[in-house]
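Biologist: Hi! Could you walk me through this one? I'd like to start with the overall fold and then look at a few residues.

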Amino acid sequence: MIVDVVKNWHPQDPPSDEMLKWIEATARPLFVMTSFFICYLIPIQGAFVAFVGNLCTTMLAFVFPAVMELCILYPNDYGYYKVYLIKDLLIVMFGMTSFLVGVPLCAYLIYVRVLSLKAVNNVEFY
């Protein structure tokens with residue numbers, strides 16, 4: 001992805017193939033090492049992954065597609081007995097319920113993990 005951005009950065013003066021290979025050969029290990037150090041240095045990363053996953057999953061997978069379908073079908077194409085309207089509203093309610101329950105639970109999990117880092121009986125392994 002980075003190579004494509006660099007390649008199309010200046011269309012009149014594209015970089016050479018050798019330079020693109022060098023950028024790829026240095027950027028790929030750099031990103032892998034950066035992600036490794038972030039994972040190693042943040043001890044409660046699982047809670048943050050759960051928090052971000054809850055936000056993304058509920059909004060991108062449930063709520064936004066149903067809202068988009070409601071917008072596309074507005075105002076006359078909701079089907080016989082407005083079945084698409086009812087279906088999409090149920091999906092939005094399910095997604096918002098999951099969002100409103102999951103986000104505070106994940107935030108509480110992060111809070112508890114942060115407090116447990118400073119606990120007296122916390123044993124750190126090296």
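Modeller: Happy to! One term before we start: helices, of at least four residues, and strands, of at least two, are DSSP runs numbered from the N terminus. Keep in mind that this is a predicted model.

Biologist: Good. How many helices and strands does the protein have?

Modeller: The protein has four helices and zero strands. Reading from the N terminus, the order is α-α-α-α.

Biologist: Is the protein spread out or a compact globule?

Modeller: Spread out. The radius of gyration is 23 Å, while the globule rule gives 14 Å for 126 residues, so the protein is more spread out than a compact globule. The C-alpha trace spans about 60 × 60 × 15 Å along its principal axes.

Biologist: What share of the residues counts as buried?

Modeller: 17% of the 126 residues. As for the surface, the accessible area of the protein is about 10300 Å², and carbon and sulfur atoms account for 72% of that.

Biologist: And domains? Which residues go where?

Modeller: The domain assignment puts 1-41 in domain 1 and 44-125 in domain 2. Taken over C-alpha atoms, the centres of the two domains are 33 Å apart.

Biologist: What about contacts between residues at least 6 apart in sequence: what percentage join residues at least 24 apart?

Modeller: That would be 59% of them.

Biologist: Switching to side chains: how many aromatic pairs are there?

Modeller: Three aromatic pairs. One of them is F62 with F94: the ring centres are 5.1 Å apart and the planes sit at 85°, and planes over 60 degrees apart count as edge-to-face, so this pair is edge-to-face.

Biologist: Nice. Where in the chain are F62 and F94?

Modeller: F62 is in helix 3 (residues 45-73) and F94 is in helix 4 (residues 83-117).

Biologist: Last one, I promise. Where does P104 sit?

Modeller: P104 is in helix 4. Its relative accessible area is 45%, which means that P104 is partly exposed.

Biologist: And how far is P104 from N8?

Modeller: From C-alpha to C-alpha, P104 and N8 are 43 Å apart in space. In sequence, 96 residues separate P104 and N8.

Biologist: Great, thanks for the tour!

Conventions. Residues are numbered from 1 along each chain as its sequence is written. This is a predicted model: local features need pLDDT of at least 70, side-chain atom pairs count only at pLDDT 80 or more; totals for chains, interfaces and linings use all residues. Side-chain values use heavy atoms; hydrogens and water are left out. Domain bounds come from an automatic or database domain assignment. Rings of Phe, Tyr and Trp (its six-membered ring) pair if their centres lie within 6.5 Å; planes under 30 degrees apart count as stacked, over 60 as edge-to-face and the rest as tilted. Buried means under 20% relative accessible area, exposed over 50%, partly exposed in between (1.4 Å probe, protein chains only). The radius of gyration is taken over C-alpha atoms; the globule rule is 2.2 Å times the number of residues to the power 0.38. Contact means heavy atoms within 4.5 Å. Accessible areas come from the Shrake-Rupley method with a 1.4 Å probe; for residues, only the protein chains shown count as cover.
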